[in-house]
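Visitor: I'd like a quick tour of this one. Can you take me through it piece by piece?

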Amino acid sequence: MALLEIVKLPDPRLRKKSVDVTEFDLSIKTLIADMAETMADARGIGLAAVQVGVHKRILILDLGDLKEDEHFIEGDEESEKRLASKRKSSKLEVYINPKIVSSEGETEYEEGCLSVPGVYAKVCRKETLTLSFQDVNGKHQQITASGLRAIALQHEMDHLDGIVFTDRLGSVQKMMVLKKYEKLRKKAEEEEFEPA
Ligand code: QAP
Ligand code: CO
């Protein structure tokens, strides 16, 4: 197992479309194990392969004990506690070559992204969706998801097509979020050059 580097905005690798997995070999299983370790280390609930620089249509989720309708906000004490308890019970879900079969309804959720650390914004998504996908062995599966799982699946599937959640914001909101992100990046850069 290994920790991988998480690709962050504005890295152009996040904009490239990922391609279908055709060989369900050991290298795929190793990649998924490394992605799971990387996601857990970064305290994420979802990760697409493109976020570790691999352009294959693979995404993983680990909602742990978070209920489907549960919200988490970084910095919020209650959310942090729930996130910490989720850590104790990991429930890894792997989706390879996912395709939306049908979707219904609309919902809004305050999203974040390991590739855009530190910023969050409300994004419109479908409320429920039925997905076909393949598991780690290449076996075809289907799932109907709603709540947080449905949001996370749509967020991660966007990554497979080079789309980041900030692309889905209105122009004013997008500007505000990207400005905040730039500020955070500059601050992180400064701190790197002159450590406290
Ligand atoms: C995508 O996001 C998602 O900014 C997964 O500092 C988002 O795991 C699915 C994270 C919302 C469903 C709803 C973000 C961690 C994690 C940050 C994540 C940060 C630390 C984001
Ligand atoms: Co993301």
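Guide: What follows is a short walk through the fold, the strand pairing, the charges and the backbone.

Guide: First, the ground rules: this is a predicted model, where local features need pLDDT of at least 70, side-chain atom pairs count only at pLDDT 80 or more, and totals for chains, interfaces and linings use all residues. Residues are numbered from 1 along each chain as its sequence is written, chains are lettered from A and ligands numbered from 1 in the order in which they are written, and side-chain values use heavy atoms, with hydrogens and water left out.

Visitor: Fine. How many helices and strands does the protein have?

Guide: Four helices and five strands. Both are DSSP runs numbered from the N terminus: helices are H or I with at least four residues, strands are E with at least two.

Visitor: And in what order do the elements run from the N terminus?

Guide: The order is α-β-β-α-β-β-β-α-α.

Visitor: What share of the 196 residues is buried?

Guide: Buried residues come to 43%. Buried means under 20% relative accessible area, exposed means over 50%, and partly exposed is in between (1.4 Å probe, protein chains only).

Visitor: On to the strands. Which way do strand 2 and strand 3 run?

Guide: Antiparallel, with five bridges joining strand 2 (residues 58–62) to strand 3 (residues 92–111). Strands count as paired if DSSP finds at least two bridges between them. In this pair, L59 stands opposite Y95 of strand 3.

Visitor: How many bridges link strand 3 and strand 4?

Guide: There are 12, again in the antiparallel sense.

Visitor: What about strand 4 and strand 5?

Guide: Strand 4 (residues 121–134) pairs with strand 5 (residues 140–146) over seven bridges, antiparallel. S132 has Q142 of strand 5 as its bridge partner. Five residues lie between the strands of this hairpin, and G138 there takes a positive phi near 90 degrees.

Visitor: Which residues other than glycine have a positive phi?

Guide: R43 and N97 are among them. R43 has phi near 60 degrees and lies in the loop between helix 1 and strand 1 (46–48). N97 has a phi of about 50 degrees and lies in strand 3.

Visitor: Is each of those buried or partly exposed?

Guide: R43 is partly exposed at 35% relative accessibility. N97 is buried, at 5%.

Visitor: Where is there a cis peptide bond?

Guide: Between L9 and P10, with omega about 5 degrees. P10 sits in the segment before helix 1.

Visitor: Switching to charges. How many salt bridges turn up in the whole structure?

Guide: Nine. A salt bridge here is a side-chain nitrogen of Lys or Arg within 4 Å of a carboxyl oxygen of Asp or Glu.

Visitor: Why would such side chains pair at all?

Guide: Opposite charges can pair when their charged atoms come close.

Visitor: Which residue does R168 bridge to?

Guide: D158, with the closest N and O atoms 2.6 Å apart. R168 lies in the loop between helix 3 (147–160) and helix 4, and D158 in helix 3, so the pair ties together parts that are 10 residues apart in sequence. R168 is partly exposed, at 43% relative accessible area. D158 is buried, at 8%.

Visitor: What about R185?

Guide: R185 forms a salt bridge with E182, at 3.5 Å between the closest N and O atoms. Both residues lie in helix 4, three residues apart, about one turn of the helix. Elsewhere, salt bridges that share partners join E111, R125, D158 and R168 into one network.
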